[in-house]
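Hi there,

Here is the structure I promised to pass on. Have a look at it first, and my notes follow below.

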Amino acid sequence: MTQRIGFPFCCLIQRLHIPRLLLLCVTFQPVICSLIQLGLEGSANLLHLFSNKSNQEQGYCEAETTLASSLDFWTLSSDNLIAVLPIDPVKENYVRKVKNCIFSVALPTPFKSRVHLVAVSKEVLEDILDLDLSVSETEHFIQLVSGEKIVFGSIPLAHRYGGHQFGIWADQLGDGRAHLIGIYMNRQGEKWELQLKGSGKTPYSRNGDGRAVLRSSVREFLCSEAMHYLGIPTSRAASLVVSDDEVWRDQFYNGNIVKERGAVVLRVAKSWFRIGSLEILAHYGELDLLRTLLDFIIQEHFPSVDVKEPNRYVGFFSIVVSKTAQLIALWMSVGFAHGVCNTDNFSLLSITIDYGPFGFMEAYNPDFVPNTSDDERRYKIGNQANIGMFNLNKLLQAINPLLDPGQKQLTAQILEGYPVLYYRRFRELFKTKLGLLGDTEGDDDLIAFLLHLMEETEADFTMTFRQLSEITQSQLQELSVPQQFWALKMISKHKLFPVWVSQYLLRLKSNMNDSDSKRRERMTILRGVH
């Protein structure tokens, strides 16, 4: 049983805030509304997400870039996966228990009604998939991203995995409404796995209908792209289509089923393997297959680990522990609560995947839970670091059969080091948000003190740090918080606010070669990322 971590930053680790997610200078809620409206109207107008970075900044020149103007010679392949990893021998697409394989072949189910393209990400199309934006206006593209047609030479796959859901082993889960339609290698030599979500039933659909609705698909499209621009490792969204097909959902889990419209998101990631990918194999004693999959993952995605090295699984586990700690610290720095941190939703590459009932905090509250079905508040934002430890322990249990006694001892020690790795990254991020340079002994207390005041005054997390980047030290010194700094104004009403300000200003004086204008400029630049 995993020992619970006694995080001293529990107040920090609990509720960070973003009142409205800013996505490329467009507020989150209005963009959602415009997307849904476009889908409802069946408009040919598209929302294009543009990057602020030039091609030159990406490391290549416009003159050297050749983007495909059609899908005629654009190819996907599943060979990299199926050449090594076994496929389910049963070819029929019906719900069943699957054994001794990694994937099942499953074709997407096309919508019966007309499909409308609602949104595309220009950066994903051009910089990852080497497609000119104009391709998104073609019928061929809409057929591809809706699951109506498959690129020649590719074999659509549904992945078999298991997982612990809300702390309990849930047995076989798998891609119940997603199809991996192939791998694309782009002009930078990067391999990206393309997956349709909401594209129909698979052998892993259980009692589901294999569909996704417009509402949840808009959220996934926007949030995955927003997280990318916030500098947080994540899957990406290439496109979003909506149909007139009826999909019935209990939106608020209150027994009231309503009719919604079916939608499909084309999402991309370097890999969709997750902790549950290994758990299912260990659970059923498929150890040869477990070794094969783990070696494949290391070979493809962990270049610093020699796949021929006897201690390769120790090295792999060490990297996953470190990167998972960093990922969750990044979530906390922007007030992101994943909502469903089950082991089947935790990527082995430590990227954010499977956007479901996620949320961004507004008023700072360590108990913030975006998932209305999480009655026990297991996945509240303040518990995410502990859940990371739990999930990593389940990963260790899955690979333990492949380890000798010495390696088991090493991996156990690595897992014990997780809290230190988390604290270190968390501290770095929040010191940066406060404009602090260097290290002093009281930094942890200063951060914790501020978050305590924010919690007690229910201050807006994101705007508190934004306004700290705008207010001058002299205004803080005088405890004169202008009315436009409304989040700080709320905190200033706390009786201990003057004490925190005094400590903060004293700490700022220890910044070497710094000034108030430099601090504000530095924090202003940062807030564009966090």
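Buried here means under 20% relative accessible area, exposed means over 50%, and partly exposed lies in between (1.4 Å probe, protein chains only). At 1% relative accessibility, isoleucine 102 therefore counts as buried. Please note that this is a predicted model, where local features need pLDDT of at least 70, side-chain atom pairs count only at pLDDT 80 or more, and totals for chains, interfaces and linings use all residues. Residues are numbered from 1 along each chain as its sequence is written, and side-chain values use heavy atoms, with hydrogens and water left out.

Isoleucine 102 sits in the loop between α2 (79–82) and β4 (103–105); helices (H or I, at least four residues) and strands (E, at least two) are DSSP runs, numbered from the N terminus. Leaving aside residues up to four places away in sequence, isoleucine 102 touches Leu85, Pro86, Ala158, His159, Arg160, Phe273, Leu281, Leu289 and Leu293, where contact means heavy atoms within 4.5 Å. The C-alpha atoms of isoleucine 102 and leucine 290 are 9.5 Å apart, although 188 residues separate the two along the chain.

As for the whole protein chain, there are 17 helices and 15 strands. Of its 530 residues, 56% count as buried. Among contacts between residues at least 6 apart in sequence, 72% join residues at least 24 apart.

One helix pair is also worth a look: α12 (residues 443–457) meets α16 (residues 497–509) through residues including Leu446 and Phe449 of α12 and Trp500 and Tyr504 of α16.

Best wishes

Notes: Axes fitted to C-alpha atoms, helices over the stretch in contact; angles between N-to-C directions.
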